[in-house]
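I am opening this notebook to keep track of what I look up, entry by entry, as I read through a structure that is new to me.

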Amino acid sequence: MPVINMRDLRAGLPRHARLIGLDPGARIIGVALSDVSLMLASPYKAIPRGKLAANAAEISAIARKEGAGGLVAGLPLSMDGSFGPAAQAAKDWAMAIAAATGLPLALWDERLSSAAVNRMMIEADLTRAKRAKAVDAAAAAYMLQAALDASARQDEGAIETRR
């Protein structure tokens with residue numbers, strides 16, 4: 001499954017389809033879900049990163065249950081915007097997940113998403129244990145929200161034709 005840009009992914013979704021946001025970490029995959037109007041992203045869950053087939057099956061099950069029609073995966077670019085080994089690994093993993101699930105894929109810059117979410121949780125006075133349980137799904141929602149916001153500004157005409 002090829003990677004497409006966010007605007008094309010959004011424009012090609014069936015009516016009322018949601019998007020799944022994925023923040024792949026070394027041990028945990030943060031999962032977020034958009035609403036059907038593609039305006040709001042919410043944390044969904046965190047799943048342990050394991051074998052690709054098992055992770056793809058769980059993501060497929062979420063897509064079926066929630067009516068998702070596409071994936072937006074976080075791409076950890078370097079701070080200078082360059083494409084390093086971590087970005088290549090995330091891209092390869094996301095493309096394999098997209099191929100296994102049959103869902104179209106867009107990649108989105110996720111630099112500092114986990115740091116921003118952690119900072120917000122600290123300001124909200126969450127304990128370290130509570131932050132650890134929630135940060136992965138919240139970081140996925142933070143990244144997906146940024147993608148939704150940017151693509152809504154870029155292509156409002158295509159969004160209107162879907163309604």
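Entry one, a buried charge. I am working with a predicted model, and I began with R10, which is buried and yet has no salt bridge. When I looked for the nearest side chain of opposite charge, I found D149 at 6.9 Å, and since a salt bridge needs the nitrogen and the carboxyl oxygen within 4 Å, I left that pair out. I noted that R10 lies in helix 1, which covers residues 6-12. What does the side chain of R10 have 2.8 Å from one of its polar atoms? I found the backbone oxygen of L38 there.

L38 is buried, with a relative accessible area of 2%, and it has a positive phi of about 60° although it is not a glycine. I wrote this down because most residues other than glycine have a negative phi.

Is H16 buried or partly exposed? With a relative accessibility of 49%, H16 counts as partly exposed.

I traced five strands that form an open sheet in the order 3-2-1-4-5, with mixed pairing. The edge strands are strand 3 and strand 5 (105-109), each of which pairs on one side only, and from one strand to the next the twist averages 25°. Going through the pairs, I found that strand 1 (residues 18-24) and strand 2 are antiparallel over five bridges, with I20 standing opposite L33, and that three residues lie between these two strands in their hairpin. Strand 2 also pairs with strand 3 (residues 41-48) in the antiparallel sense, here over seven bridges, and A32 has P43 as its bridge partner in strand 3. Strand 4 (residues 68-75) and strand 5, by contrast, run parallel and are joined by five bridges, with A73 opposite L107.

Entry five, what lies against the sheet. I checked helix 2 (residues 52-66), which lies across strand 1, strand 2, strand 3 and strand 4 and runs at about 150° to strand 3. Helix 3 (residues 85-101) packs on the sheet as well, touching strand 1, strand 2, strand 4 and strand 5, and its direction makes about 170° with that of strand 4. How many of the seven residues of strand 2 are buried? I found six of them buried, so strand 2 (residues 28-34) is largely enclosed by the rest of the structure.

Searching the whole structure, I found one salt bridge, in which the side chains of K45 and E58 meet at 2.9 Å, N to O. The pair links distant parts of the chain, with K45 in strand 3 and E58 in helix 2, 13 residues apart. I looked up the accessibility of both partners: K45 counts as partly exposed at 32%, and E58 is partly exposed too, with a relative accessible area of 27%.

Definitions and conventions. Residues numbered from 1 in each chain as written. Predicted model: local features only at pLDDT ≥ 70, side-chain atom pairs only at ≥ 80, totals over all residues. Heavy atoms only, no water. Helix = DSSP H or I, 4+ residues; strand = E, 2+ residues; numbered from the N terminus. Buried < 20%, exposed > 50% of the residue type's maximum accessible area, 1.4 Å probe, protein only. Lys, Arg positive; Asp, Glu negative; His and termini not counted. Polar contact = N/O pair within 3.5 Å; in protein donor to acceptor, adjacent residues only side chain to side chain. Pairing = 2+ DSSP bridges. Axes fitted to C-alpha atoms, helices over the stretch in contact; angles between N-to-C directions. Contact = heavy atoms within 4.5 Å.
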